[in-house]
Amino acid sequence: ASVGSSTTYIEVSFTADYRMYIVQFVNVGTNSSNFCAQYTNSSGNRITTSGYYQSATGGGVLQSNAILLAGENSRPIDGISIIHDPYSTSSYSVANNFITREYDYQYGFQRQNKDNSADRHYGINYWVGGTGGPTGVFTSGNYNVWGVTAP
């Protein structure tokens, strides 16, 4: 799909049809710094429970409610986000993100709050800006989404 010239969110919906989703970003331009994501609930609202995410690659340190995927600083974004089991209530949703520009981050994350149980995720929103929410917009480029069924 093409990214409009002033797109605030790239939204990807999940269904029970797929076990894994792959989101590819191709030369996605921005007008500000940072690139974040956050799961959404059945109403399409971002999930903002305190301590909801835990880094799968950061020694178990609790992260803020949104996930910082890249500190891209107004440079185009090229990379992929792979989300495993987003619709499951019996296993954690784990994501691996690979952003190909210099100084960007590669994070993994999962649902791991105080009760240590899995949650169903209905979608994920990506935006330009810090973990508190959008401070800029996507300006150009494309993104592709693939769903992969369970083996």
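Accessible areas in this talk come from the Shrake-Rupley method with a 1.4 Å probe, and for residues only the protein chains shown count as cover. On that basis the chain exposes about 7100 Å², with carbon and sulfur atoms supplying 46% of it.

Before the details, a word on the source. This is a predicted model, in which local features need pLDDT of at least 70 and side-chain atom pairs count only at pLDDT 80 or more, while totals for chains, interfaces and linings use all residues. Residues are numbered from 1 along each chain as its sequence is written, and side-chain values use heavy atoms, with hydrogens and water left out.

Now the overall make-up. The chain has 10 strands and zero helices; here helices (H or I, at least four residues) and strands (E, at least two) are DSSP runs, numbered from the N terminus. Read from the N terminus on, the elements go β-β-β-β-β-β-β-β-β-β. Of the 151 residues in the chain, 43% are buried. Buried means under 20% relative accessible area, exposed means over 50%, and partly exposed is in between, with a 1.4 Å probe and protein chains only. Taking contacts with a separation of 6 or more, 74% are between residues 24 or more positions apart, where contact means heavy atoms within 4.5 Å.

Next, the sheet. Four strands make an open sheet in the order E1-E9-E3-E5, with antiparallel pairing; two strands pair if DSSP finds at least two bridges between them. Strand E1 (9-13) and strand E5 (67-70) each have a single partner strand, so they stand at the edges and one side of each is left without a neighbour in the sheet. On average, neighbouring strands of this sheet are turned by 25° against each other, direction ignored. For that angle, axes are lines fitted to C-alpha atoms, for helices over the stretch in contact, and angles run from 0 to 180 degrees between N-to-C directions.

How many bridges join E1 to strand E9? There are five, and E1 and E9 (residues 123-128) run antiparallel. Ser13 stands opposite Gly123 in E9. Ile124 also lies in strand E9, and at 1% relative accessibility Ile124 counts as buried. Between Ile124 and Val12 there are 112 residues of sequence separation, but the C-alpha to C-alpha distance is 5.4 Å.

On to the aromatic residues. The structure holds nine aromatic pairs. Rings of Phe, Tyr and Trp (its six-membered ring) pair if their centres lie within 6.5 Å; planes under 30 degrees apart count as stacked, over 60 as edge-to-face and the rest as tilted. One of the pairs is Tyr9 with Trp127, edge-to-face at 6.2 Å centre to centre and 80° between the planes. Tyr9 is in strand E1 and Trp127 in strand E9, so this pair ties together parts that are 118 residues apart in sequence. Is Trp127 buried or exposed? Trp127 is buried, with a relative accessible area of 0%, whereas Tyr9 at 28% counts as partly exposed.

Trp127 has a further neighbour. Arg46 lies over the face of Trp127, at 4.5 Å from the ring centre. The criterion is that NZ of Lys or CZ of Arg is within 6 Å of the ring centre and within 35 degrees of the ring normal.

There is also a cluster, in which ring pairs link Phe14, Tyr18, Tyr21 and Tyr39. Tyr21 is buried, with a relative accessible area of 4%, and Tyr18 is partly exposed at 34%.

Two asparagines come next. Asn27 is in strand E2 (residues 20-30), and its phi is near 50°, a positive value in a residue other than glycine. Asn27 counts as partly exposed, at 43% relative accessibility. Asn34 sits in the loop between E2 and strand E3 (35-40). Its phi, near 75°, is again positive in a residue other than glycine, and Asn34 is partly exposed, with a relative accessible area of 24%.

Last, a loop residue. Where does Asp85 lie? Asp85 is in the loop between strand E6 (77-84) and strand E7 (94-99). At 12% relative accessibility, Asp85 counts as buried. Leaving out residues up to four places away in sequence, Asp85 touches Arg19, Ser91, Tyr92 and Ser93.
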